[in-house]
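Work through the exercises below with the model open. Try each task before reading its solution.

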Amino acid sequence: MLSLIIRQLASNHIFASFALIIAVYLIYLVVIGIHLYSYKKKHQSLPVHYRAFRLYSSNLISNSPSKKVKKFYRDTNKITIFFNSLLVLSFLVCLFFVFR
């Protein structure tokens with residue numbers, strides 16, 4: 001089964017680029033989940049305004065009551081921006097292969 005998927009990815013660039021988008025999305029969910037889990041384990045609480053794929057405004061970050069929450073929001077913004085950029089790049093690669 002796995003060899004069939006690998007052969008399909010090697011022969012079909014459209015399928016490979018779509019699989020790349022799904023892989024980047026799944027990796028983002030795992031990384032952000034680990035980030036949230038480590039914060040929760042270390043501080044025994046969750047941040048108040050947490051959502052996946054959310055970019056936090058500088059007002060929210062500067063008005064946060066503690067340094068640990070500010071650091072969490074800044075790190076979450078960095079992770080989200082990085083993976084959103086990867087998703088856009090993956091989408092452009094997918095469009096390139098579809099309309100080539």
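**Exercise 1.** Against which helix do the buried residues of helix 2 pack?

Solution. Start with the ground rules. This is a predicted model, where local features need pLDDT of at least 70, side-chain atom pairs count only at pLDDT 80 or more, and totals for chains, interfaces and linings use all residues. Residues are numbered from 1 along each chain as its sequence is written, and side-chain values use heavy atoms, with hydrogens and water left out.

Next, list the buried residues (under 20% relative accessible area, 1.4 Å probe, protein chains only). In helix 2 they are S17, I21, V24, Y28, I32, H35, L36 and Y39. Their partner is helix 4, residues 67-98.

**Exercise 2.** Find the span of helix 2 from its first C-alpha to its last.

Solution. Helix 2 covers residues 13-43, 31 residues in total. It reaches 45 Å, close to the 45 Å expected at 1.5 Å a residue. Just after helix 2, Q44 takes a positive phi of about 60 degrees.

**Exercise 3.** At what angle do the axes of helix 2 and helix 4 cross?

Solution. The two axes come within 8 Å and cross at roughly 175 degrees. Therefore helix 2 is roughly antiparallel to helix 4 (angles over 145 degrees count as such). The residues of their contact divide into 23 nonpolar, seven polar and two charged.

**Exercise 4.** Is S85 buried or partly exposed?

Solution. First, locate S85: it sits in helix 4. Its relative accessibility is 43%, so S85 counts as partly exposed (between 20% and 50%). S85 and V30 lie 55 residues apart in sequence and 17 Å apart in space, C-alpha to C-alpha.

Definitions and conventions. Helices (H or I, at least four residues) and strands (E, at least two) are DSSP runs, numbered from the N terminus. The expected span of a helix is 1.5 Å times one less than its number of residues. Contact means heavy atoms within 4.5 Å. Axes are lines fitted to C-alpha atoms, for helices over the stretch in contact, and angles run from 0 to 180 degrees between N-to-C directions. Angles under 35 degrees count as roughly parallel, over 145 as roughly antiparallel, 65 to 115 as roughly perpendicular and the rest as oblique. Ala, Val, Leu, Ile, Met, Phe, Trp, Tyr, Cys and Pro count as nonpolar, Asp, Glu, Lys and Arg as charged, and the others, Gly among them, as polar.
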